[in-house]
Amino acid sequence: MVMTLEHTDAFEAVVICTRNRPEELEETLDSIAAHPPSTNLLLAVMDASDAETKAQVQSVVENFDVVPSVHWSYTDPPSLARQRNAALDRLPTSVEVVHFIDDDVTVHPGYFEALSAVLRTRSDVGGAASSWSPPRTPPRPATNDSSLSFS
């Protein structure tokens, strides 16, 4: 549900900066949709895609109907930091907590609520970051082969 920002009273926003990755963005939004946040969130996508891909990204955002969402076109040279700052400048004044996530992550149940709880209850915490990736290859099994040699 793409919306205009004048009609939101969202206390929190999820900002996703992207560039030429509509499939990855859709998977990330699917992971959010699988476990809808219980808080009043606004989703904002700051899109630095090339012209031929921008329409695809916009369509992905428009088809996301779990929380109010907005697609913003970013036309300056791509830069994650600048895209994030541009998004911050456009968020409504009601937003007090911002979740920056990448366009290729899987959001697990309770993710936003857990971070929000810390930020709302701990005045000594001004931000948080998380990173988790499953192992790409299984660890090699231990071996007792005495024929192995190292130099």
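Predicted model: local features only at pLDDT ≥ 70, side-chain atom pairs only at ≥ 80, totals over all residues.

**A walk through the fold**

In β2, the residue that forms the bridge partner of T18 is D47. The pairing of β1 with β2 runs in the parallel sense and extends over seven bridges.

Of its 151 residues, 36% count as buried. Among contacts between residues at least 6 apart in sequence, 79% join residues at least 24 apart.

The four strands form an open sheet, in which the order is β3-β2-β1-β4 and the pairing is parallel. The edges are taken by β3 (69-73) and β4 (97-101), each of which has a single partner strand, so that one side of each is left without a neighbour in the sheet. From one strand to the next, the twist averages 20°. On the β3 side, β2 and β3 pair in the parallel sense over five bridges, and within this part of the sheet V45 stands opposite H71 in β3.

Against this sheet packs α1, which touches β1, β2 and β4 and whose direction makes about 160° with that of β1. Helix α4, residues 111-121, also lies across β1, β2 and β4, and runs at about 135° to β4.

How much of strand β1 is covered? The strand comprises residues 12-18 and is mostly covered, with seven of its seven residues buried.

Two packed helices are described by the angle between their axes and the distance between the axes. The axis of α1 and that of helix α2, which spans residues 51-62, come within 9 Å and cross at roughly 10°. An angle under 35 degrees counts as roughly parallel, and α1 and α2 are therefore roughly parallel to each other. On the α1 side the contact is made by P22, E23, L25, E26 and L29, which meet T53, Q56, V57, V60 and V61 in α2. The residues of this contact divide into six nonpolar, two polar and two charged.

T53 lies in helix α2 and, at 12% relative accessibility, counts as buried, because the limit for buried is under 20%. When its neighbours within four places in sequence are left aside, T53 is in contact with N20 and P22. N20 is found in the loop between β1 and α1, and has a positive phi of about 60° although it is not a glycine. With a relative accessibility of 26%, N20 counts as partly exposed.

A further loop, the one between α1 (22-34) and β2 (41-47), contains S38. Is S38 buried or exposed? At 62% relative accessibility, S38 counts as exposed. The C-alpha atoms of S38 and G110 are separated by 8.4 Å, although these two residues are 72 residues apart along the chain.

The last feature to consider is aromatic. A pair of aromatic rings is described by the distance of the centres and the angle of the planes. A search of the whole structure finds one aromatic pair. The rings of Y111 and F112 have their centres 5.3 Å apart and their planes at 80°, so this pair is edge-to-face. The two residues fall into separate accessibility classes: Y111, at 24% relative accessibility, counts as partly exposed, whereas F112, at 3%, counts as buried.

Notes. Residues numbered from 1 in each chain as written. Heavy atoms only, no water. Phe/Tyr/Trp six-rings, centres within 6.5 Å; stacked < 30°, edge-to-face > 60°. Buried < 20%, exposed > 50% of the residue type's maximum accessible area, 1.4 Å probe, protein only. Helix = DSSP H or I, 4+ residues; strand = E, 2+ residues; numbered from the N terminus. Axes fitted to C-alpha atoms, helices over the stretch in contact; angles between N-to-C directions. Parallel < 35°, antiparallel > 145°, perpendicular 65-115°, else oblique. Contact = heavy atoms within 4.5 Å. Nonpolar A, V, L, I, M, F, W, Y, C, P; charged D, E, K, R; others polar. Pairing = 2+ DSSP bridges.
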